[in-house]
Amino acid sequence: MRKPLPLLLTAALLTATAAGASETDSIVQAWPARKPVRDAAVEARVEAALKGLNLRQKLGQIVQPEIRAITPDEVREYAIGTLLNGGGAWPGEDRAATPAQWRALSEKFQAAALEATPGIPLIWGTDAVHGHNNVRGATLFPHNLALGATRDADLVRDIGRATARAVRASGLHWVFAPTLAVVQDVRWGRAYESFSVDPALVKKLGQASVEGLQEGLKEGRGVLATAKHYVGDGGTRRGIDQGVTQASPGDLANVHGAGYIGALDAGVLTAMASFSSWTDSAGYVEHGKMHGNKTLLTDVLKQRLAFDGLIVSDWDGVGQIPGCTPEHCPEAINAGIDVVMVPFKWKAFYANTLHDVEQGRIPMARIDDAVRRILRVKFSMSVPSPVPATMEAMQAPELARRAVRESLVLLKNKPGLLPLKASAKVLVVGAAADSLSHQSGGWSVTWQGRDTTNVDYPQGTTLLAALRQRLGTTNVTFDADGSKSDPKGFDAVIAVLAETPYAEGEGDVRITENLRHSRRHPQDAEVLQRVTGRGKPVITLLYSGRPLYVNDLANKSDAFIAAWQPGTEGAGLTDVLVAAADGKPWAGFTGRLSFPWPAGPCQFSAHETKPWWPVGGGLSGKETAVPTARLPEPADPQPICPL
């Protein structure tokens, strides 16, 4: 009776293999097939350079340290091919470092790399997600959430060009942007890095961003863009950063993958793997962490979509794969990661990977494929740049000002209130009115963006400063908490409310919390309460990285404006708030929501059916009749929002 057992086992194994192959095929075929487009001259140069590298030099191309953890001498010793600076990392750990100091450090690293691998340059990557935001003095643009409200691809493309110029001025070559997330739950702390909940809009603006960033790449003007975070980063359950996205293969491709098709159409040369995991909601199959997902990294992105560039891991992201650590992860390289971002533990990773290759755990063919892709990227651009290392090259204030005024969304208005007359006398309340930290949000000089002051933005203009410039100092009174001034002595009150700046992880709205701004920032509700109903109209602006529940605050306001996190150019706000002194026609508010705006504290979903405002919503300010009924103010559910 035992003889048939091997046959049964064989049959079972064949069945399981066939089922696995069928599942992989369905995942791959959900994506459109593309054909590679290659430059014969670049390919010949790549193959010639690859033949001249030994194994240690090849691994030096793959490992990516952070600038605080490596010296030029170590770049030379290990033949390192790429570097990065994290948020809040600067040359000499000096946040006031000038463009010339950034460039000087880059040139030292570059010289060392070229000694180790002649003819093969080093590339340095940075998180320039709304301008060159790590460099003090650079213009900071509104975050992508705001740019989505403009729906203006030409504007986004121009911002990409300006960002590229700033990055090149500092001697860097590669930006980890744009984020192509299609957010499903606004509790996610990176929601502001997304253009929209609409896949088509993400595709349109993501493509424009890549086009702008990479324009002039071969002349040393453009920078490498990064399509990130591949794939499904914005779809995690409950908006938990680095969590699990539950989606069918079709939705993964058509919703979360839409932006990548646009980026590929624009010729993007690098992609970054997502920290998140994917579970197939159709078959309830757990596919695990994206950093170890060979089907999506290699079978889909590299083969089905014909992506010939490089895939970089996120910060120590390989360490989240089961069985891996940040110092050791052959699974990630075998899955398709080409450049491994191991900021501080790179030496151990280098040594362990060398051993893995020598022991056959990573095939030499996979190493060669990774290095071939890295070289292809490097040889598709000019690493030297003609852009001068000056502060002027870091700035584009008029472009940023335009982006601010085009992104503002008017959610409530009293007809005739806006614009204010150029001679208006105003009371300004709310500490955020004079805070460039709150105005700029996360990823601004530092990672989280909140450990900064106005001194860190010498080029910036707060809303308060812009109002004083526009209306005259004597016509603008600032009372941070609204306790010292009587609104009756003014034509209007301008209240500025704000979320505390945040970035990934720390920006998530936890399961025990909700979207009620007054609950999360009670001081803002107190300020507004002091000035409302005092005989003068109240115009409220909210700085936020996501749509929030604000019915109680809107009911205390005559006008309510979603100002997002507008960046360093506060004059863009006054362009819309105040009539032009020369009598030119007022353009009004042109921004329209790219996310639904919640009508209740638990409306987290991108697919909310009964929001206050739907996607595309917003007023121009020119309406002669608007709804006047008070918004409902439902109590918070107890103890927490429904799961």
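**Close-ups of salt bridges and cavities**

Counting every side-chain nitrogen of Lys or Arg within 4 Å of a carboxyl oxygen of Asp or Glu as a salt bridge, we get 44 salt bridges. This is a predicted model, where local features need pLDDT of at least 70, side-chain atom pairs count only at pLDDT 80 or more, and totals for chains, interfaces and linings use all residues. Residues are numbered from 1 along each chain as its sequence is written, and side-chain values use heavy atoms, with hydrogens and water left out.

View 1. (Helices are DSSP runs of H or I, at least four residues, and strands are runs of E, at least two, numbered from the N terminus.) R157 is buried at 19% relative accessible area, while D154, at 48%, is partly exposed. Here buried means under 20%, exposed over 50% and partly exposed in between, with a 1.4 Å probe and protein chains only.

**View 2. R190 and E193 form a salt bridge.** Their closest N and O atoms lie 2.7 Å apart. Both ends are tucked away: R190 is buried at 4% relative accessibility, and E193 is buried at 2%.

**View 3. D636 reaches R519 in a salt bridge.** The closest N and O atoms here are 3.3 Å apart. This pair links distant parts of the chain, 117 residues apart, with D636 in the segment after α21 (571–577) and R519 in helix α18 (residues 517–520). D636 is buried at 17%; R519 is partly exposed at 37%.

**View 4. The largest cavity holds about 150 Å³ of space.** A cavity is a set of points, on a 1 Å grid over the protein atoms alone, where a 1.4 Å probe fits but cannot get out; lining residues have an atom within 4 Å of a point. Grid points are joined across faces, edges and corners, and the volume is the space filled by probe spheres set on the points. Of the 16 lining residues, V129, N144, I159, T163 and S209 are closest to the centre. Helix α7 gives the largest share of the lining, four residues. The lining has 10 nonpolar residues, six polar and no charged.

**View 5. The second largest cavity holds about 80 Å³.** Among its lining residues are W188, R190, H229 and E504.

Notes: 1 Å grid on protein atoms, 1.4 Å probe; cavity = no way out; pocket = protein on both sides within 12 Å on 5 of 7 lines; lining within 4 Å. Nonpolar A, V, L, I, M, F, W, Y, C, P; charged D, E, K, R; others polar.
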